[in-house]
Amino acid sequence: MNLEELIISLFYVLIIPFIGIFLGLLYKGFDRKITAMMQSRIGPPWRQPFRDIRKLFMKETIIPDGAVPWLFNAAPVIALIAPLIALAYLPIGPLGPIMEGFGDLILILYLLAIPAVAMAVGGLSSGSPYATVGAQRELVLMMSYEFPLAIAAVTIAWRFETFSLGVISSTPVWWLVGPVGTLGLILVALALFTVLPGELSRVPFDQAEAETELAEGLFVEYSGRNLGLFYLAEAVKMVVVGTLMIALFFPQNLTNWVTIGGPEIFGIIIGDLVGNVAFFLLKLLAVIFVSVSVVRVAVARFQIDKASYFYWVPMTLIGLLGTLLVWIEGVIL
Amino acid sequence: MSKDATYEVPIGPIHPALKEPFMVKFKLDGETIVDADPHPGMNHRGIEFMGMHRNPLKVIPLAERICGICSIVHQHMYTTAVEHAAGIEPTNRARYIRTIMCELERIHSHVLWAGVAAHEIGFDTHLHFTWKIREKVMDLLEEISGNRVNYSMWTVGGVRRDIPKKMYRRDFSPKMYPKIQNTLEYYEKLYGKLEDIFLGDPSIRLRTKNIGILTEKEALELCGVGPTVRASGVKKDVRIDQPYAAYGDLELDYVIPSRYGYENTGDVFSKTLVRLKEILQSIDLIRQCVQKMPDEDIDSEPKKAALLNKLKKADGEGIGRIEAPRGEALHYVRLKEGHEELDNWKVRASTYNNLATYAPMFLGEQIADIPIIAACIDPCIGCMDRAEIVDINTGEQTSYDHEELHEMSVRKTREILGDKL
């Protein structure tokens, strides 16, 4: 790696976290506004999450007497850092993964598991019975949704014969399969879509926070800066999970169909770049809208055993069936 | 690790699952409830004591402030009890207006409950939907009484406001009270949607079917009241068992699930069903009232000074017993000749009975079901709360039974009187 590449990489690595946080908060705002409109409410303005963060960072951070302070304080930082790192390994719209070659899909799956574990550790270390119950639920839920998530990842990786996201996102997977495989991919995509609300702890899979049951469960003892960090972690995680979904299933760029043109700088056509980025942001909004906002409005919270059952039996079976179809097409037909 | 893996989680006194200060201590084994112990006493305001220091008419606005949702219920019970004690009869038109108001409030209370129940199981969309449609009946209540919540409509011997003239046409056509009719039609139209949501939605069924079961035997043994026990198939409704106001003239039947082809399981689902069907029943009752309402005075004693004088001379006890949206409730009033204030006033709200049904409903359920089961009796802690005795130094909670209290009272008398006895 020469100096020029190193500088560009460093630049990306320093910029990407801020973009991730900004997008996360922006989409959180949109999600809240859209949800409110679907529930015939007015809802907060789209910039409310930014205000929330500003306020949370100004507030006093209280550490309860029964807590383990270093663990209690470390949990939110770890929960935020993990998805920020994951962002560097994900292709963001037209830009390929910045850390291409240093890590792949497997690493992302591990990085996605870290915030949930950090939240559970934070909850357990806070010494509150509500948080303890919340932490147990978070871990149970994590173990449940990891299965369909892994199935989806493995299916795609098997089709491309690589775990590298740069390769996977360079060609839409739909172009590689026939009709049977398409059906299989639809099933796999469905299974992955149901993982999203679980991964993001949203209704119907918000058992770990469950306001009416556990009074915010995991976060019940968190306040001020620590709570703000969790809030940011959740926002970034939303972007990461959405981007992963897009990278696996919808990596198309706008330039696949239209070219805008415009001036050329350093070999990049500005018009096309802007078009592709805008298209990516729209795709992300659509994914978040379908998997978070609509689901959140349309169903009630499940009990934890039923949520676990939902992931382990129906969704795993649907995912496996999809994988089977893709495999049949690839090997037999 | 010890064999006993249970741990204690207190729900309350302040908790999102509870709308009022109240505490239930749960013993849990993992996610399963093995013991539930309710601890009331955080919301006792001594209203009965306040009421015993003012004249019977001044107590009416105080009585309706016992509860924020069933304020009509408390006015109604209190005035009925005073009328009973003093031998005053309300006029017939007043009886009908009282019935209409009671039934409107039942609609409002049940729609509100449905929203709360949806919120408790994490379905906020329906919370917003039901609370939006609730506005219509609140508008009507405001149009009739002038207030949205505490209506101040009742007085001893009748009501203070007639149903306003702009809602009123002389001919006895079905469209006689257009504002009322419009509201009823609005609810009839939306009723199908409500039933679709609360009885048909798969994720709601998942959370309410076979949750918080109260068998018929337990319901009878624990003296539960209202929709809570009607859902278990107990035929218990003061409106039919001991008609008050105009209910004697109206046609109505017990709302129990088996009447509509469901099983009397007594779970949260059948409690929801009973409450929804009661909305329809209320609509029907208001229609009947509007048809049969006689044209006469609304108050049997319009001169308040004369009425107060009459109440001052009255001597006796009275009971007001009505079917609140949450179940049977009761006021007891004692008047003493020559005394301007009430001699005694006792309130027993429906939640007091229904609280006992918590124990069998909670056992064996999950933490996730606590909010919906807690909400399924439609608890109103403000109505029912009793004092709890706590030793500040040790934090120890004790309770006294009747004999102990009597003994303490005797001891105190001896102390005061000393050797004069």
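## Helix 4 against helix 11 in chain B

Let us start with a helix pair: helix 4 of chain B and helix 11 of chain B cross in a left-handed way (the near helix is turned anticlockwise from the far one by less than a right angle; clockwise would be right-handed). This is a predicted model, in which local features need pLDDT of at least 70 and side-chain atom pairs count only at pLDDT 80 or more, while totals for chains, interfaces and linings use all residues. Residues are numbered from 1 along each chain as its sequence is written, and chains are lettered from A and ligands numbered from 1 in the order in which they are written. Helices (H or I, at least four residues) and strands (E, at least two) are DSSP runs, numbered from the N terminus.

Helix 11 covers residues 268-292 of chain B, and helix 4 of chain B packs on it at about 160°, with the axes 9 Å apart. Helix 4 of chain B is therefore roughly antiparallel to helix 11 of chain B. For these angles, axes are lines fitted to C-alpha atoms, for helices over the stretch in contact, and the angle runs from 0 to 180 degrees between N-to-C directions. Angles under 35 degrees count as roughly parallel, over 145 as roughly antiparallel, 65 to 115 as roughly perpendicular and the rest as oblique.

Helix 4 of chain B brings residues including B:Tyr96, B:Ile100, B:Leu104, B:Ile107 and B:Trp113 to this contact, and helix 11 of chain B brings B:Ile279, B:Leu285, B:Ile286 and B:Cys289 among them. Two residues are in contact if their C-beta atoms, placed from the backbone, lie within 7 Å. The residues of the contact of helix 4 of chain B with helix 11 of chain B divide into 12 nonpolar, four polar and five charged. Here Ala, Val, Leu, Ile, Met, Phe, Trp, Tyr, Cys and Pro count as nonpolar, Asp, Glu, Lys and Arg as charged, and the others, Gly among them, as polar.

## Helix 3 of chain A and its partners

Now to chain A, where helix 3 (residues 69-88) and helix 9 (residues 224-249) pack at about 20°, their axes 8 Å apart. Helix 3 of chain A and helix 9 of chain A are therefore roughly parallel, and their crossing is left-handed. On the helix 3 side of chain A, the contact includes A:Val77, A:Leu80, A:Leu84 and A:Leu87, while A:Leu229, A:Phe230, A:Val236 and A:Val240 are among those from helix 9 of chain A. By class, this contact of helix 3 of chain A with helix 9 of chain A has 14 nonpolar, two polar and one charged.

Helix 1 (residues 3-38) of chain A also packs against helix 3 of chain A, at an angle of about 120° and with the axes 9 Å apart. That makes helix 1 of chain A oblique to helix 3 of chain A, and the crossing is right-handed. A:Val13, A:Ile16, A:Pro17 and A:Gly20 in helix 1 of chain A meet A:Leu84, A:Leu87 and A:Ala88 in helix 3 of chain A. The contact of helix 1 of chain A with helix 3 of chain A holds six nonpolar, one polar and no charged residues.

Strand 1 of chain B pairs with strand 2 (residues 23-29) of chain B over five bridges, in the antiparallel sense. B:Pro10 has B:Lys25 in strand 2 of chain B as its bridge partner.

Strand 6 (residues 316-324) and strand 7 (residues 327-335) of chain B run antiparallel and are joined by nine bridges; they form a hairpin with two residues between them. B:Gly316 stands opposite B:Leu335 in strand 7 of chain B. Strand 7 of chain B also pairs with strand 8 of chain B, over five bridges, and there B:His331 stands opposite B:Val347.

## Where the chains meet

The contact between the chains takes 24 residues from chain B and 22 residues from chain A. On the side of chain B that touches chain A, two or more residues each come from strand 1, helix 4 (92-120), helix 5 (124-145), helix 7 (202-208) and helix 15 (370-376) of chain B. That side of chain B has 12 nonpolar, seven polar and five charged residues.

Notes. Two strands pair if DSSP finds at least two bridges between them.
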